[in-house]
Amino acid sequence: MTGKGGTGKTTVAAALALALAAGGRRTLLVEVEGRQGVAQLFGTPPLPYEERRITAAAGGGEVRVLAIDAEEALLEYLEMFYRLGAAGRALRRLGAIDFATTIAPGLRDVLLTGKVKEATTRTSGGHRVYDAVVVDAPPTGRIGRFLNVTAETAKLAKVGPIKTQSDGVQALLRSPMTAVHVVTLLEEMPVQETVDAIDELTRLRIPVGHVIVNEAQTPLVAAGKVSQAELRRGLTAAGLPTDKATVTGLYAEVKNHLTRQELEDSLRGDLTELGRPVLELPLLSAGVDRDGLDVLAAALLAAPTP
Amino acid sequence: MGSTFSPLLCWLLRPHKLGHVSSDQHSPRLDVDRILSDPGVRIVVCCGSGGVGKTTTAAALALRAAEQHGRRTVVLTIDPARRLAQSLGLTELDNTPRPVKGVGEGSDGSLHAMMLDMKRTFDEVVLTHTDPAKAAEIFANPFYQAMSSTFSGTQEYMAMEKLGSLHAQGDWDLIVVDTPPSRSALDFLDAPARLGRFLDGRMLRLLLAPARAGGRSVFGLVTASFGVFSRVVQKVLGAQLLTDLSGFVAALDSMFGGFRQRAEQTFQILQAPETAFLVVATPEKDAIREAAYFARRLGEERMPLAGLVVNRVHGTQVPQLSADTSLAAAAALADAGEQAPTADALRIHAALAALADRERAVTAGFAAEFPNVATVSVAAQPADVHDIDGLRLIGSAISQP
């Protein structure tokens, strides 16, 4: 799940994890940017680097969450291949781990996406542990670089475990098992960034899924023809005040709304032209809470799959 | 300024910062014109999380400083939306400030704009610190190529670097800076120091010591675990990478220290009273939370926080009609099957009134934690802004809410 900053991609990622867990399934919601957005969304203390259940989904499913920390992932990785033990902990005290994840551009991303791959392909008793893994990914401006790890690391590591690791990740990310969904609002800049990101992902041959319009409002068409005289009659019929301030104020609000609606319609047109399935999630008038996530999850489930 | 007061506190105590208190927020009102017209203010930094309109705010403030306050102004943008960039006459990444057409003619003020080219800025830093032959060697190193365009933090560092060099040129009365769309707003403050530390490279030298000494660590006191680490890095990253890295470090060797020194200099400029930080947000939970992080952090770093700009604030023109009353009336009209247009108008009003209430509650959270931080709200525009006239409107909206 990507999207311009501020479009609600963490919210939509959580809703998708809930939707895909419905009916007794298990999903993993992964956070990669260390923002603790999932913890904030669910109102929990900061999440550690471990997979833990965060909520139940409809029909007995469960959503687990993993906040990946690049340093922890590197230690885990080194432990797995080199059995560092106490030396690994000493390295952390030296600041060496932070250093290592910073020196090689892309190493951080390889570790993050590598962990995603490990969780996605992990099996237990012959079955995949997770029915789906939803990644709250970096925003549109950085998504191409984040997912295109091979190109970045190949420049630096031409052989060795890092190279092998990034090749494996790359194969998974370009396979039909992956879909990158782009969250947007019906505003000019998020839509422009959506168009740019889809263009970039397509060039990188990374599969693009849905364009998800967040916070969409139901068009109120009848208001389009309203006049001030008609508003006054309507307000009278509703038993509301009909003073000049009320009538002109409401009229101005309707006009602004229509201007906004025209802009939104034209942006909807731009999104449709992308030739990707577009789905709209309703604006939650009470703000995003746990019930609101269920509303969004239901809307995602109701959408036709591409 | 007594040493017992932080610059932040002194800034807040400056009498002109305490405007009249608006009734609903209990924070002083931010007077942007006072900042833009103050000859003592030479840098305005707009910071905040992604998607809150930082670039637009920066451009609008710079335009206003040029046109209304006669200041020779330059706006440094990082990643502007295409159409906004075009409206400023910026068509490509170009590290030179370009005059914005149609601004400040016949007055003392002028407006230049530039878009940061991260790689070119890095190249310029290298060129000014070393001879052409060595520079060519550095530019050819694959490690430099990767790092100058993808290193996390390079953009932040280079923004600071460019700010430092524009400031040193002295051609400008006022520099308005837009900050990079970082992972977290705090990266803007942390990344330059991190990159400075990296390039300063004590750890880098330690790591490369064995490679330089033909595989044997020359650091007798280095802990055993570091030796393990170095071997692991060789194994994991491969010998080729270490050779490239080693070459990179050797070439940059003469520049070490310079980086850290420059990062520290810029940091000091940001702490000086000639700088005004404006935290930009929208009245949404995430953006306000980031704004609060930023305000806290600026306080800790003793950087002068001038105020909070809340963009895209919704308000109703009929405050006497509540959301609930409005919705109930719309439902009654719909039940009666009449006056559909009025019912829709009432729904539009109800949604707007509810949104305005919610936004007020979110913003009040910031005001409660930072009662002394001056704040200004900018009304949401029905359409997006992407021309000079639009920026003028935003500029006056920030100044006269």
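## Contacts, cores, helices and sheets: worked exercises

B:V44 is in contact with B:I35, B:L61, B:L174, B:V176, B:A276 and B:L278, once its neighbours within four places in sequence are set aside. Contact here means that the C-beta atoms of two residues, placed from the backbone, lie within 7 Å.

The model is predicted: local features need pLDDT of at least 70, side-chain atom pairs count only at pLDDT 80 or more, and totals for chains, interfaces and linings use all residues. Residues are numbered from 1 along each chain as its sequence is written, while chains are lettered from A and ligands numbered from 1 in the order in which they are written.

### Exercise 1. The nonpolar cores

State which residues touch the most other members of the largest nonpolar core.

**Solution.** 
- Start with the terms. A residue is buried if 20 or more other C-beta atoms lie within 10 Å of its own, exposed if 12 or fewer, and partly exposed in between. A nonpolar core joins buried Ala, Val, Leu, Ile, Met, Phe, Trp, Tyr and Cys residues through C-beta atoms within 7 Å.
- The largest core has 77 residues, and B:V44, B:L61, B:A62, B:V177, B:F277 and B:V279 touch the most other members.
- Helix α3 (residues 54-69) of chain B gives this core its largest share, eight residues. Helices (H or I, at least four residues) and strands (E, at least two) are DSSP runs, numbered from the N terminus.
- Another core lies apart from the largest one; it has 64 residues, including A:A57, A:L66, A:A73 and A:L293.

### Exercise 2. Chain B in outline

Give the counts of helices and strands in chain B, then find what percentage of its residues is buried.

**Solution.** 
- Chain B holds 17 helices and eight strands.
- Of its 401 residues, 47% are buried.
- Take the contacts in chain B with a separation of 6 or more: 76% of them join residues 24 or more positions apart.

### Exercise 3. The sheet of chain B

Work out the strand order of the eight-stranded open sheet in chain B. Which strands stand at its edges?

**Solution.** 
- Two strands pair if DSSP finds at least two bridges between them.
- The order is β3-β4-β2-β5-β1-β6-β7-β8, with mixed pairing.
- β3 (94-99) and β8 (375-379) are the edge strands; each has a single partner strand, so one side of each lacks a neighbour in the sheet.
- Ignoring direction, neighbouring strands are turned by 20° against each other on average.
- Now one pair. β2 (residues 72-77) and β4 (residues 110-115) of chain B run parallel over six bridges. B:V74 stands opposite B:H112 in β4(B).

### Exercise 4. Two pairings in chain A

Classify two strand pairs of chain A, β9 with β10 and β3 with β4, as parallel or antiparallel.

**Solution.** 
- β9(A) and β10(A) are parallel, over four bridges. A:A216 has A:P282 in β10(A) as its bridge partner.
- The open sheet here has four strands, ordered β1-β8-β9-β10, with parallel pairing. Its edges are β1 (2-3) and β10 (278-282), each pairing on one side only.
- β3 (residues 52-57) and β4 (residues 61-67) of chain A are antiparallel, over five bridges. A:A57 is bridged to A:G61 in β4(A).
- The hairpin of β3(A) and β4(A) has three residues between the strands, and A:G59 takes a positive phi near 75° there.

### Exercise 5. A helix pair

Describe the packing of α11 and α12 of chain A by angle and axis distance.

**Solution.** 
- Axes are lines fitted to C-alpha atoms, for helices over the stretch in contact; angles run from 0 to 180 degrees between N-to-C directions.
- α11 (residues 228-237) and α12 (residues 244-272) pack at about 120°, with axes 10 Å apart.
- A:Q228, A:L231, A:R232 and A:L235 of α11(A) meet A:T246, A:V247, A:T248, A:L250 and A:Y251 of α12(A).
- These contact residues divide into five nonpolar, three polar and one charged. Ala, Val, Leu, Ile, Met, Phe, Trp, Tyr, Cys and Pro count as nonpolar, Asp, Glu, Lys and Arg as charged, and the others, Gly among them, as polar.
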